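Visitor: I have not seen this structure before. Please show it, and then let me ask about it.

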Amino acid sequence: MQRPDMSVVLAGIPMRNPVMTASGTFGYGAEFADYLDLESIGAMVTKGLSLKPKAGNPTPRIVETQGGMLNAIGLQNVGIDAFIEQKLPYLKNVNTPVIANLYGNTLEEYGEVASRLDGLAGVAGIEVNISCPNVKQGGIVFGTDPGAAKEVVSLVKRNTSKPLIVKLSPNVTDVVLMAKACADAGADALSLINTLTGMAIDLDRRRPVLANVTGGLSGPAIKPVALRMVWQVAKAVKLPLIGIGGIMNGRDALEFMLAGATAIQVGTASFLDPSAAQRIAQEMEQYLVEQGIESVRSLIGALEA
């Protein structure tokens, strides 16, 4: 048997395989060049970019938990100007699509960052983090209100011609409602899920472990929730989906594809094994070889349920 076809096309972006890196877990790409071949994976997603540089939250801001980790990094990043001047030149020389993740605390910030990224060679698409509070509307989180989500996605869509991926928050009553709102606003793909809100307590000190008190839970502990949400959304919208949440090996990744994902993102696994994204792509291919499956695309949404 020939090597299986691992390629997928996500919102018009051709990828050699379905494995992407998750925003906030892979730096700006160059940081991982010593640990894996950046041209062995499907796409790289940058740390979330904001209009101005951001220092993030005070420490401690990461804690290991049972089956995962909590983070309250606070979206620390170099800002859009430094990304363009200092990070993008390196990425242009890597033959792997780069997806720029962006966020804002106001509608205007989302629109401005999107427009700055729009004309850039070397950026294949945009992923929008809507799990941010709108400071002009009393701190309501864009990603938990369908109306606010629709507004921000519509604005970003008007400010970019690049494929637009929207990253959905799981901290909602109805993820399908949010997915439909983003689809109606012009999203070209959806990635799900972002982290679940959680906390850890130091019993002896009688204090929260994180300086921020709460943080985002990721890792294997959230995989069942993420699988369920991908499966639900896949049945409700016709957009390509990216599955995220506790993917530690090739089998995990392929489960998300069966649930309806076209691609997957590797996040927390990269903290345990910096070469995880490349390894997972290899494990996915090996499974296809063992099962005599010719194309990974044949597994998308093939869950018998």
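Visitor: Which residues make the nonpolar surface patch of about 280 Å²?
Guide: This is a predicted model, in which local features need pLDDT of at least 70, side-chain atom pairs count only at pLDDT 80 or more, and totals for chains, interfaces and linings use all residues. Residues are numbered from 1 along each chain as its sequence is written, and side-chain values use heavy atoms, with hydrogens and water left out. A patch takes residues with over 30% relative accessible area and no salt bridge, joining like charges within 9 Å and nonpolar side chains (Val, Leu, Ile, Met, Phe, Trp, Tyr) within 5 Å; areas come from the Shrake-Rupley method with a 1.4 Å probe, and for residues only the protein chains shown count as cover. The patch of about 280 Å² is made by Met-199, Ile-201 and Val-213.

Visitor: Is Val-213 buried or exposed, or something in between?
Guide: Val-213 sits in the loop between strand E15 (207–208) and strand E16 (214–218); helices (H or I, at least four residues) and strands (E, at least two) are DSSP runs numbered from the N terminus. Buried means under 20% relative accessible area, exposed over 50%, and partly exposed in between (1.4 Å probe, protein chains only). With a relative accessible area of 35%, Val-213 is therefore partly exposed.

Visitor: Which residues does Val-113 touch, not counting residues up to four places away in sequence?
Guide: Val-113 lies in helix H2 (residues 107–118). Its relative accessible area is 0%, so Val-113 is buried. Counting contact as heavy atoms within 4.5 Å, Val-113 touches Leu-49, Ser-50, Leu-51, Ile-80, Leu-102 and Tyr-103.

Visitor: How many degrees lie between the planes of Phe-26 and Phe-32?
Guide: The structure holds four aromatic pairs. Rings of Phe, Tyr and Trp (its six-membered ring) pair if their centres lie within 6.5 Å; planes under 30 degrees apart count as stacked, over 60 as edge-to-face and the rest as tilted. Phe-26 and Phe-32 form a stacked pair, 4.2 Å centre to centre, and the angle between the planes is 20°.

Visitor: Where in the chain are Tyr-28 and Phe-83?
Guide: Tyr-28 and Phe-83 form a tilted aromatic pair, 6.4 Å centre to centre with 40° between the planes. The pair links distant parts of the chain, 55 residues apart: Tyr-28 is in the loop between strand E3 (19–21) and strand E4 (44–45), and Phe-83 is in helix H1 (residues 80–91).

Visitor: What is the distance between the closest N and O atoms of Arg-116 and Asp-81?
Guide: A salt bridge is a side-chain nitrogen of Lys or Arg within 4 Å of a carboxyl oxygen of Asp or Glu, and by this rule the count comes to nine. At 31% relative accessibility Arg-116 is partly exposed, and Asp-81, at 34%, is partly exposed too. Arg-116 forms a salt bridge with Asp-81, and the closest N and O atoms are apart by 2.6 Å.
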